[in-house]
Amino acid sequence: MVNFRDGVRRVLYPAYESRVVKALPPDQIPQHIGVMLDGNRRWAKAVGLNTAEGYQAGADNIRPLLGWCEEVGVEVVTLWLLSSDNLTNRPSDQLTPLLTIIEGAVESLAEAGRWRIHPVGALDLLPPETSARLKAAEEATRDIDGILVNVAIGYGGRREIADAVRALLADHAARGTSLEELADLIDVEHIAEHLYTKGQPDPDLVIRTSGEQRLGGFLLWQSANSEFYFCEALWPDFRRVDFLRAIRAYAARERRFGG
């Protein structure tokens with residue numbers, strides 16, 4: 001049975017959301033949004049479901065999010081689905097079903113034919129089947145003219161920077177550059193060119209759900225000048241109105257880029 005409060009929300013929220021969308025300044029929409037999909041396990045516990053069911057509920061909320069991003073004109077979305085720490089520290093009875101849910105979620109996004117999928121993270125640490133399915137989703141969507149969706153799986157910000165430096169060193173070693181020469185020429189742009197997100201704009205806005213107010217290693221390099229928005233809703237409960245409030249808060253800020 002729908003209670004009175006829920007009934008009022010269903011009636012009033014669409015009109016409120018429509019007003020928010022119309023009031024958003026087109027020139028102040030974030031080009032790239034990073035989203036930390038946090039709170040799936042806590043949500044499951046709160047509603048009496050198991051952990052896997054909580055992750056599935058979170059996965060089911062990704063497609064609506066991407067639709068909301070399309071609605072306001074976001075061009076790049078980075079979704080943190082699994083950290084490298086979780087990949088190595090979670091017990092197998094939790095990790096195996098989670099990877100299965102992630103594989104299904106990414107393949108569902110690819111099958112929609114609306115978004116370009118790009119896996120980012122330490123794919124070499126993933127089970128070979130998972131890595132192969134992620135790469136297949138990327139290949140299947142390579143030519144789609146839609147939002148670029150980075151799916152961060154086995155991702156850690158420190159590892160990404162370390163991988164970028166290793167790739168930079170290997171690149172210059174192949175060219176015959178000496179360490180002394182490399183030390184003289186290296187700058188931040190050289191490292192940026194070897195990140196998982198190379199060639200993409202840095203995130204303008206990073207959203208974290210569940211009330212936690214920390215990055216936890218998400219896009220450490222790229223978020224140096226990002227705006228942050230922390231939302232109390234657990235990820236499976238994150239709604240269009242929550243998303244629009246985040247975009248409205250971003251649009252209202254005066255970005256200083258470290259100044």
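Guide: Two strands count as paired if DSSP finds at least two bridges between them. Strands here are DSSP runs of E with at least two residues, helices are runs of H or I with at least four, and the numbering goes from the N terminus. One thing before we start: this is a predicted model, so local features need pLDDT of at least 70 and side-chain atom pairs count only at pLDDT 80 or more, while totals for chains, interfaces and linings use all residues. Residues are numbered from 1 along each chain as its sequence is written, and side-chain values use heavy atoms, with hydrogens and water left out.

Let's begin at β5, which covers residues 205-208. Leu-205 and Ile-207 point one way from this strand, Val-206 and Arg-208 point the other way, and all four are buried (under 20% relative accessible area; exposed is over 50% and partly exposed lies in between, using a 1.4 Å probe and protein chains only).

Now look at what β5 pairs with. β1, residues 32-36, runs parallel to β5 and is joined to it by four bridges. Across that pairing, Met-36 stands opposite Arg-208. β5 also pairs with β6, residues 227-230, again in the parallel sense and over four bridges. There, Leu-205 has Glu-227 of β6 as its bridge partner.

Stay on β6 for a moment and find Phe-228, which lies in this strand. Phe-228 is partly exposed, at a relative accessible area of 26%. Leaving out residues up to four places away in sequence, Phe-228 touches Leu-205, Val-206, Leu-215, Ser-223 and Arg-253, where a contact means heavy atoms within 4.5 Å. Arg-214 is 14 residues from Phe-228 in sequence, and their C-alpha atoms are 9.6 Å apart in space.

Go back to β1 and head for β2. Five bridges join these two strands, which run parallel, and Val-35 stands opposite Leu-79 of β2. β2 spans 76-83, and eight of its eight residues are buried. β2 pairs in turn with β4, residues 148-155, in the parallel sense over seven bridges. In that pairing, Val-76 stands opposite Leu-148 of β4.

Asp-124 is found between β3 (116-120) and α7 (128-140) and is exposed, with a relative accessible area of 60%.

β2 also takes us to the largest pocket. β2 (76-83) supplies at least two residues of its lining, as do α2, α3, α5, α6 and α8. A pocket here is an open set of points on a 1 Å grid over the protein atoms alone, where a 1.4 Å probe fits and protein lies on both sides within 12 Å along at least five of seven lines; lining residues have an atom within 4 Å of a point. The lining has 35 residues, and Asp-38, Trp-80, Ser-83, Asn-86 and Arg-90 lie nearest the centre of the pocket. By type, the lining divides into 16 nonpolar, 10 polar and nine charged residues (Ala, Val, Leu, Ile, Met, Phe, Trp, Tyr, Cys and Pro count as nonpolar, Asp, Glu, Lys and Arg as charged, and the others, Gly among them, as polar).

Finally, the wider setting. The chain is divided into domain 1 (29-155 + 203-251) and domain 2 (157-195), with bounds from an automatic or database domain assignment. The domain centres, taken over C-alpha atoms, are 28 Å apart. Eight residues of domain 1 and nine of domain 2 take part in the contact. The lining of the largest pocket draws at least three residues from each domain.
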